[in-house]
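Morning, everyone. Please have a look at the model on the screen, and then I'll walk you through it.

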Amino acid sequence: MKKLLVANRGEIAIRVMQTAKRLGIKTVAVYSEIDRHSPHVSFADEAICIGKSPSNESYLRGEHILEEAKSLNVDAIHPGYGFLSENADFAELTEQSGLTFIGPKSEAIKVMGSKLAAKDAVKAYDIPMVPGIDEAITDVDKAKRIADDIGYPILIKASAGGGGKGMRVVEEAEDLESQMNRAISEATSAFGDGSVFIEKYIASPRHIEIQVMADSHGNVLHLFERECSVQRRHQKVVEEAPSAVLSPELREEMGQAAIKVAKACDYLGAGTVEFLLDENSNFYFLEMNTRLQVEHPVTELITGLDLVELQILVAKGEALPIKQSDLRIKGHALELRVYAEDPLNDFLPSVGHLDVYKLPQGKGIRVDNGFEQGMDIPIYYDPMLSKLITYGETRQEALALMKKAIKNYHVKGVKTTLDFGYFVCNHDAFTSGKFDTHFVKKYYDTELIISEQKKEAEIAAMIALKQYIEDQNILRLPNQ
Ligand code: ADP
């Protein structure tokens, strides 16, 4: 592999190119018109404009990107996450063009891209599943009978769903029909596929996922878990590894289940098998994500591995250089997704101009970042600015460092999830490890953030006043 094109933007494009450069592979960035001056463009050895700002006119133009790649003599494509990363047709087209797709084979992407097909594929492997049905349902009477059997509350889910969209909780039978009709029409408009199914709604689950890595020689490893229970709108904001609640036995059991899921779809490369863990330590398979995950850095920090390097290695057909018995968890890592969103206004996107943008630095702090001071945040894409990651010998140490790093991360011009991250790291439920996916609903109170901001503003005003008085004294000195 001599030249790699990253079919993505922002922090993940830079993250992938960093490893490629370290391995001596030339890098090619792609960009839309609005991203012309983005850091991922200047970071690459070469860069090419692939179209207008909306993603369907640029980052989603698979065939066009492949044409450009061929004209630049690129020999491999890394899709990052989002955009084309879970598009089976793009993976297939890449291979047909004689280029290497850094990811699994298209068949595995196809199977795992549909929650129903995924359930079907792992059925024979003795993987615990959330009680529910494994086929699409349109008949309301049938749905009612199934929901009665499972017991309320139930969850209606879109088979093609992703990003926390297309899910509806139904508390009682009389709401089933209306919620089902809504779910079907939402799924049709969001994913072009109206298939929905029913699952038991697990009351207080934790979201625990296992990182897997597979080569083409039959080796499949699990790289332990990540806990991603702090979510808003069913989407992750704070992640950590290891989880505060897994025993070594349960970790191994979930790790082995994840390996079975990977084997069920003849997996290749880096993947994530997601589970829900209930209050009684029962775990249930949720879905598999067939790409590098946003939160992969916490796994890198506790294992000492570079996941992109391993992806490249297995994509070249090499065998994994490590065995399961070589792997150990060392230390603790936390990640906060720094989104340009307003945590005081329902986490709505807060795009605008980055008047001030200064990143924290220091031992144990990693920032995977895609922005610079003076830039505008485009409205066209996901509003994630960066990922702030901290690492310590213990969870406590990583937490203390995260709070310090948040205070040293300076952003002016847009609202961000930084203050929200501080709130989480300061909250007893989080620090004690006793939380679930309802953390935000249960504990989050915007008033607490507002009072913290007021306190800080008062301290800043006092410091400014003290400085002013000192300056006045110095100025008066010559006359005394
Ligand atoms: P998506 O593909 O949209 O991300 P997932 O199936 O991965 O959807 O679920 C996302 C989140 O939704 C989970 O982390 C969890 O918080 C919640 N969730 C999903 N299924 C259930 C369930 N059966 N019971 C309770 N919560 C669920």
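I'll start with the ligand, then move to a helix, a few single residues and some backbone details.

First, the ground rules. This is a predicted model, where local features need pLDDT of at least 70, side-chain atom pairs count only at pLDDT 80 or more, and totals for chains, interfaces and linings use all residues. Residues are numbered from 1 along each chain as its sequence is written, and side-chain values use heavy atoms, with hydrogens and water left out.

Now the ligand. How many residues surround the ligand? The count is 23, and the closest are K115, G164, H207, Q231 and E287.

Which strands supply at least two shell residues each? They are β6 (154-158), β8 (196-200), β12 (269-277) and β13 (283-289). Helices (H or I, at least four residues) and strands (E, at least two) are DSSP runs, numbered from the N terminus. Why does the ligand lie between two domains? Because domain 2 (131-200) and domain 3 (212-440) both give residues to its shell. Those bounds come from an automatic or database domain assignment.

Next, polar contacts. Here that means a pair of N or O atoms within 3.5 Å; within protein, one must be able to donate a hydrogen and the other to accept it, and residues adjacent in sequence count only if both atoms are side-chain atoms. K157 puts a polar side-chain atom 3.0 Å from a ligand nitrogen. I202 uses a polar backbone atom, 2.9 Å from a nitrogen of the ligand. E287 has a polar side-chain atom 2.8 Å from a ligand oxygen. On its own the ligand exposes 560 Å², and the protein buries 95% of that. Areas are from the Shrake-Rupley method with a 1.4 Å probe; for residues, only the protein chains shown count as cover.

On to helix α4, residues 88-96. Its buried residues are A88, F90, A91 and T94. D89 and Q96 are exposed, on the face turned away from the buried side. Buried is under 20% relative accessible area, exposed over 50%, partly exposed in between (1.4 Å probe, protein chains only).

Now H40, in helix α2 (residues 39-43). Buried or exposed? H40 is buried, at 1% relative accessibility. A polar atom of the H40 side chain lies 2.9 Å from the backbone oxygen of V30.

Last, the backbone. Y152 and P153 are joined by a cis peptide bond, omega about -5 degrees. P153 sits in the loop between α7 (140-150) and β6. A cis bond also joins A241 and P242, with omega about -5 degrees. S281 is not a glycine, yet has a positive phi of about 65 degrees. S281 lies in the loop between β12 and β13, and is partly exposed at 42% relative accessibility.

Thanks. Questions, please.

Technical notes:
A residue is near a molecule or strand if one of its heavy atoms lies within 4 Å of it.
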